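Work through the exercises below with the sequence and the coordinates open. Each task is followed by a solution in steps.

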Amino acid sequence: MLLVARQFGNRWWRRRPHIGLSHTAIIKLNFHSLPQTKVEEELDDFLPWLQRKSGTEISSALFIGKSTHGRSLFASKSIRAGDCILRVPYSVQLAPDNLLPELKSLLGDQVGDVAKVAIVILFEQKMGQDSEWAPYISRLPRPEQMHSTIFWSEDELEMICQSSLYQETIDLRSLVEKEFLAIRTAFEHFPEMFESITCKDFMHAYALVTSRAWGSRKGYSLIPFADFLNHDGTSESVVLSDDDKHFSEVIADRNYAPGEQVLIRYGNFSNATLLLDFGFTLPYNIHDQVQIQGNIPHHDILCELKLELLKRHHRPINNAMTGFNSSMDCFTIKEVRSGSGKGKGIPQSLRAFARVLCCTSREELNDLAKEAAQHDGRLARRTLTNRSREIEAHQMLKEKLTQLAEDYDASIKSLGPESSPGACKRLSLRRQMARDLLNGELRILKSACAWLKDYCATLTAADRH
Ligand SMILES: C[S@@+](CC[C@H](N)C(=O)[O-])C[C@H]1O[C@@H](n2cnc3c(N)ncnc32)[C@H](O)[C@@H]1O
């Protein structure tokens, strides 16, 4: 979900001496001397402002510039792996603690931390130039610059209807709407501040938090300056927070030459998460995964028994999702690295589900229950002794995943060619994001199909011998 900072507490492993504010001028000099990137004029004053506000140096190694991913931080001098490149005290972070105490006490339990920080943003926005945070708040992206799927039109969302992100987007929208209703009652006590705030404004503020805040023990916090860092899923640098010393910092994971863009990892996020929470995708994301649903059809005469068995063995089926005809369960598949039957296979829980699903008699189900009781209590985690049933279960999975892969393929084709002349910039961008998302999930499905094909072939060959 959101960006997560690792907590090291007292085990904080690298601290650097405090450096005085006198270094700020160097940052400006350095970035003007760098030819690769053009600094946005309007941001020249940002770091000096933040350093004055915090009374401490935040970074002498970075400057704000422009990249293909919007604004970004660049090395203003040579950086070596292990260097602390920025440190932002908690005193200049925006967290639920910044809420007006009178307002905070009115917010009920339904209001989560993300919503609380969103209210802080709305409050400071309303204060305009009178806000002590104005230099920060006025630089936050505007709604038209944001691409989280919660802002996509119905037609745009249709592009990703194959992916579970479609439903997650709808669920998040209704959660935000529900939270807005819950806070509106509290807002009524502050008409001069919040009377004109609409659900759309709240949704924008909410998305600002999901795309720029880090989690810590005190909830989610916006960390000015650090939040100009862009994401690289392979970087080893993350934002670290020290709750004892009350600051967040970033340590470089490699050397950087002056002028190079510095990237960090927000988390091990799939394109679905990046798109929902941050409004972007990676062309190739090593953390991609697919959510698939399994269901036991109600016309299966052993349906009740199978459901009961799965429930008893800690695999609760989510009946709320099921509608009338079936009972569903959700599984996450990550990339299966090898099609040779070795390496990481598809999730054991999904294979177990398939084995249970393929049973055709009470005896078979009883045997599975007995076996689970004799081992670690988990149902159908071992290869079935009935080889043809084992093959059948995996064959069934392969067919289901192959069908899904074909559906994904058709959806990707329906998006049209990568560059379609005449399409507006926003639609082209979102279409490319849909393509990245679906291509990533298709890659995972294909890797799982290859694994299953190989597994079935190996078992069939063993049977023949
Ligand atoms: C924490 S902010 C980073 C600063 C941001 N670029 C800005 O201009 O304010 C996160 C946002 O940066 C953009 N972003 C970060 N990493 C990206 C990447 N690898 N590719 C595309 N956009 C990226 C996305 O718009 C994301 O919502």
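**Exercise 1. Confidence**

Task: State the mean pLDDT of the chain and find which stretches fall below 50.

Solution. The model is predicted. Step 1: averaged over the chain, the pLDDT is 87, and 87% of the residues reach 70 or more. Step 2: residues 1–40 have a pLDDT below 50, and this stretch makes 79 contacts in the model beyond near neighbours in sequence. Step 3: residues 319–326 also have a pLDDT below 50, with eleven contacts beyond near neighbours in sequence. Step 4: for the overall scores, read ipTM 1.00 and pTM 0.88.

**Exercise 2. A helix pair**

Task: Describe how helix 7 and helix 9 pack, and list the residues that meet.

Solution. Step 1: take helix 7 as residues 165–187 and helix 9 as residues 199–212. Step 2: the angle of packing is about 115°, and the axes are 10 Å apart. Step 3: the crossing of helix 7 and helix 9 is right-handed. Step 4: helix 7 contributes V176, E177 and F180, which meet C199, F202, M203 and Y206 of helix 9. Step 5: by class, this contact has six nonpolar residues, no polar residue and one charged residue.

**Exercise 3. The ligand shell**

Task: Find which residues come nearest to the ligand, and which elements supply the shell around the ligand.

Solution. Step 1: there are 14 residues around the ligand, and H69, G70, R71, N230 and F280 come nearest. Step 2: at least two residues of the shell come from each of strand 4 (70–75), helix 9 and strand 8 (230–231). Step 3: strand 4 gives the largest share, three residues. Step 4: the shell is made up of four nonpolar, seven polar and three charged residues.

**Exercise 4. Placing the ligand**

Solution. Step 1: look for the domains that give residues to the shell; domain 1 (3–93 + 223–270) and domain 2 (98–213) both do. Step 2: the ligand therefore lies between domain 1 and domain 2.

Notes: Residues are numbered from 1 along each chain as its sequence is written. This is a predicted model: local features need pLDDT of at least 70, side-chain atom pairs count only at pLDDT 80 or more; totals for chains, interfaces and linings use all residues. pLDDT is the predictor's confidence in each residue, from 0 to 100. Two residues are in contact if their C-beta atoms, placed from the backbone, lie within 7 Å. Axes are lines fitted to C-alpha atoms, for helices over the stretch in contact, and angles run from 0 to 180 degrees between N-to-C directions. Helices (H or I, at least four residues) and strands (E, at least two) are DSSP runs, numbered from the N terminus. A crossing is left-handed if the near helix is turned anticlockwise from the far one by less than a right angle, and right-handed if clockwise. Ala, Val, Leu, Ile, Met, Phe, Trp, Tyr, Cys and Pro count as nonpolar, Asp, Glu, Lys and Arg as charged, and the others, Gly among them, as polar. A residue is near a molecule or strand if its C-beta atom, placed from the backbone, lies within 6 Å of it. Domain bounds come from an automatic or database domain assignment.
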